[in-house]
Structures are given as structure tokens and as C-alpha cells.
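Hi everyone, thanks for having me.

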Amino acid sequence: MFDLTKIKKKNICLIGLMGSGKSIIGKELSKYLDLRFFDSDKAIEDETKKSINSIFQEEGELYFRNLEERICLELLRYENCIISLGGGSIINSKIRESIKKNSYSIYLNVNIKNLLIRVKKSNKRPLLYQNKNNEEILTNLFKDRQKFYEKADFIVNNNNDKYKVINEIKNKLRSYAK
Ligand code: S3P
């Protein structure tokens with residue numbers, strides 16, 4: 001198991017826009033580092049027994065953001081794990097404070113063109129609707145969130161090969177352990 005005390009943190013969290021690969025990279029990385037994996041959207045779906053889409057549709061975005069705050073703050077207290085945080089969670093100042101305190105944060109930076117291709121197939125992104133201008137929506141979300149994402153402890157581009165990204169993260173973490 002990767003020894004997180006070497007980086008003086010409880011856990012590792014992955015941040016970035018929807019479609020940036022937080023869950024895929026997080027799961028792979030958790031195998032390599034022998035750490036448990038959690039996903040805030042999945043935890044919300046498990047607790048409410050509803051999909052992210054139905055929560056947005058039936059209860060509205062504010063209700064979702066409150067749930068997201070509580071669940072993310074719970075997860076961020078966990079030790080020895082990797083946490084994929086929903087893309088919008090970074091707009092919440094309590095979540096940002098908790099990340100700073102407990103987590104080694106990794107921002108997966110992906111260009112909008114690639115994000116658009118990746119989110120096309122998903123049914124858990126209620127902020128992106130069919131027939132709307134998803135490019136414009138993603139660009140605006142990025143403008144609002146970029147300043148927060150870029151405060152991460154480590155920033156890595158995830159536009160191409162996921163194994164390259166995993167290696168970059170592994171090497172970075174190993175450099176602290178020396
Ligand atoms: C959202 C991102 C989604 C999900 C919800 C809202 C956002 O998570 O929480 O659709 O505001 O960017 P992912 O980033 O895991 O797709």
C-alpha cells in the first residue's frame with residue numbers, strides 16, 4: 001500500500017471537469033497503489049438509490065449540491081484511499097478547504113474537444129442536454145472552475161494515453177517518497 005504519510009495527507013483526490021477521466025484513472029491508480037477507491041457521484045447514487053440524472057430532475061441542482069457537499073466532506077475524511085470528486089464539487093468552499101487539509105489533489109486537465117467526445121455517451125451529466133450547445137456549456141463551466149482546479153498539488157494532462165497519465169502520477173508520488 002502506498003504510504004500517504006510520506007506526503008502528509010490522508011488521501012488522494014482527483015478533480016477536473018466531467019469527462020476528464022477521474023473515475024477511470026482513479027480506479028486504475030487505486031490498484032497500483034493498493035488504496036481503496038471512492039467516487040462521490042457513486043456514493044450519492046448509492047445513498048439516495050437514485051441516479052444523478054433523476055436527482056437533478058426531481059429535486060433540482062441545489063438539492064444535489066447540498067448532498068454533494070455532505071458526501072464529499074465525509075469521503076475527504078477517509079484515510080488511505082483515492083477519491084474521485086464530481087466535477088462541480090470544487091465550487092464549494094468547504095470542500096476546497098477539506099481538500100487542502102486532507103488530500104493530495106490531482107487535477108486531470110483535458111481539452112474541451114476531447115471532453116465533448118467523452119461525455120457524449122454518458123447519462124449521468126444532467127448539466128449537458130441533447131440539442132444544446134455542450135461546447136459552450138463546458139467552456140463556461142471551465143471558466144468558472146479553472147482557478148480552483150489549478151490550485152491542485154499536481155496537474156496532469158489526460159488527453160491521450162491513460163497509462164502514461166498513471167505513470168506520471170506514480171512517478172510524482174514516488175519522488176516524494178525518496
Ligand atoms: C457535475 C459533474 C458530474 C456530476 C453532475 C454535475 C458538474 O460528475 O456530479 O453531473 O457540475 O460538473 P463528474 O465530474 O464525475 O462527471
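This is a predicted model: local features need pLDDT of at least 70, side-chain atom pairs count only at pLDDT 80 or more; totals for chains, interfaces and linings use all residues.

Residues are numbered from 1 along each chain as its sequence is written, and side-chain values use heavy atoms, with hydrogens and water left out.

Where does the ligand sit? In the largest pocket. A pocket here is found on a 1 Å grid over the protein atoms alone: an open set of points with protein on both sides within 12 Å along at least five of seven lines. A molecule sits in one if more than half of its atoms lie within 2 Å of its grid points.

How many residues surround the ligand? There are 14, and the closest are Lys-22, Asp-41, Arg-65, Gly-87 and Arg-145. To count as near, a residue needs one heavy atom within 4 Å of the molecule. By class, that shell holds five nonpolar, three polar and six charged residues. In this scheme Ala, Val, Leu, Ile, Met, Phe, Trp, Tyr, Cys and Pro are nonpolar, Asp, Glu, Lys and Arg are charged, and the others, Gly among them, are polar.

Now for some polar contacts, meaning pairs of N or O atoms within 3.5 Å. Arg-65 puts a polar side-chain atom 2.7 Å from an oxygen atom of the ligand. Arg-125 also has a polar side-chain atom by a ligand oxygen, at 2.8 Å.

Arg-145 is in helix α7, residues 134-149. Helices (H or I, at least four residues) and strands (E, at least two) are DSSP runs, numbered from the N terminus. Is Arg-145 buried or exposed? It's buried, because its relative accessible area is 3%; the cut-offs are under 20% for buried, over 50% for exposed, and partly exposed in between, with a 1.4 Å probe and protein chains only. Arg-145 and Ser-89 are 56 residues apart in sequence, with their C-alpha atoms 9.7 Å apart in space.

Ser-103 belongs to strand β4, residues 103-109, and at 1% relative accessible area Ser-103 is buried. Pro-126 is in the loop between α6 (112-119) and α7, and Pro-126 is buried too, at 6%.

Arg-174, in helix α8 (residues 162-177), counts as partly exposed because its relative accessibility is 47%. From Arg-174 to Asp-41 is 133 residues along the chain, and 29 Å between C-alpha atoms.

Last stop: backbone angles. Lys-8 has a phi near 55°, a positive value in a residue other than glycine. Lys-8 is in the segment before β1 (11-15), and it's exposed, at 74%. Asn-80 also has a positive phi near 55°. Asn-80 lies in the loop between α4 (61-75) and β3 (81-84) and is partly exposed, at 28%.

Definitions and conventions. A polar contact is a pair of N or O atoms within 3.5 Å; within protein, one must be able to donate a hydrogen and the other to accept it, and residues adjacent in sequence count only if both atoms are side-chain atoms. On a 1 Å grid over the protein atoms alone, a cavity is a set of points where a 1.4 Å probe fits but cannot get out, and a pocket is an open set with protein on both sides within 12 Å along at least five of seven lines; lining residues have an atom within 4 Å of a point.
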